[in-house]
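Look at the sequence and structure first, then read on.

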Amino acid sequence: MNRISLALNIVLTIAVAVLFYLHFSSKPQTTSTVDNNKQRTDSLAHSIPTTKEQTDAKIVYLNIDTLEEKYEYYKKVNKEYRDKVIAYESGLQNKMESLQNDYNQYMQTGASLTLEQQKAKEADLQKRKDEIERMQEYKDQQEMEFAKPLDDVQNKLNAFFKAFTKDHNYSSIITFTVKGQGALGVNDELDVTNQIIKGLNDAYHEDLQKNPPKK
């Protein structure tokens with residue numbers, strides 16, 4: 001009796017990283033669209049108030065952890081990304097377990113099948129094995145596809161920070177984290193995190209009112 005040997009030792013590894021990937025629209029932006037986006041960003045940067053200490057300073061500070069925790073647009077996009085990755089991982093895992101179970105059953109009962117039934121079963125198992133291998137092979141590529149909307153967040157932030165430093169005549173915005181990474185000994189009076197988050201969230205809510213999500 002012909003039997004196929006299926007290599008099922010596939011290691012499932014999903015690296016969920018909060019990365020910002022490059023994302024471009026399938027249609028090129030027109031000059032007017034680019035100008036409108038720049039005006040919108042400049043207006044947002046200008047609308048965020050700063051204290052006298054912050055106005056007089058050349059450098060201000062931003063807590064990245066707090067930004068990721070409270071910037072609602074980022075939270076929404078990041079959750080959608082993670083949900084898609086988890087669903088892909090779960091689907092792959094279920095396919096692997098189902099194939100393993102069916103293969104084990106076939107090894108136990110295959111001898112009782114006719115030759116045609118054996119060939120049909122083996123072809124089905126091989127087809128499913130190939131599908132799993134393709135899913136595993138393109139897993140990283142699929143994750144990058146899922147993560148593309150995250151770059152819209154990064155693009156908005158990069159444009160905003162550039163406009164914010166220019167508008168307030170800062171030389172730079174230096175980031176730090178609650179774990180002590182980045183800038184150390186930050187002067188609380190020069191921490192613009194909460195002001196920036198409020199401005200970004202206000203702009204996000206305004207955009208939602210103008211362009212409510214489709215149901």
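Start with Phe161. Leaving aside neighbours within four places in sequence, Phe161 is in contact (heavy atoms within 4.5 Å) with Leu62, Leu67, Ile173 and Ile196. This is a predicted model: local features need pLDDT of at least 70, side-chain atom pairs count only at pLDDT 80 or more, and totals for chains, interfaces and linings use all residues. Residues are numbered from 1 along each chain as its sequence is written, and side-chain values use heavy atoms, with hydrogens and water left out.

**Cores**

A nonpolar core is a set of buried Ala, Val, Leu, Ile, Met, Phe, Trp, Tyr and Cys residues joined through side-chain atoms within 4.5 Å. Buried means under 20% relative accessible area (1.4 Å probe, protein chains only). The largest core has 38 residues. Phe161 is among those with the most contacts inside it, as are Leu67 and Ile196.

H4 gives the most, with eleven residues. Apart from this core lies another, of six residues, including Tyr61 and Leu190.

**Rings**

Rings of Phe, Tyr and Trp (its six-membered ring) pair if their centres lie within 6.5 Å. The count comes to six aromatic pairs. Tyr88 and Phe146 form one that is edge-to-face (planes over 60 degrees apart), at 6.2 Å centre to centre and 75° between the planes. Tyr88 lies in helix H4 and Phe146 in helix H6, so the pair ties together parts 58 residues apart in sequence. Both residues, Tyr88 and Phe146, are buried. Ring pairs also link Phe160, Phe161, Phe164 and Tyr170 into a cluster.

How values were computed
Buried < 20%, exposed > 50% of the residue type's maximum accessible area, 1.4 Å probe, protein only. Helix = DSSP H or I, 4+ residues; strand = E, 2+ residues; numbered from the N terminus. Phe/Tyr/Trp six-rings, centres within 6.5 Å; stacked < 30°, edge-to-face > 60°.
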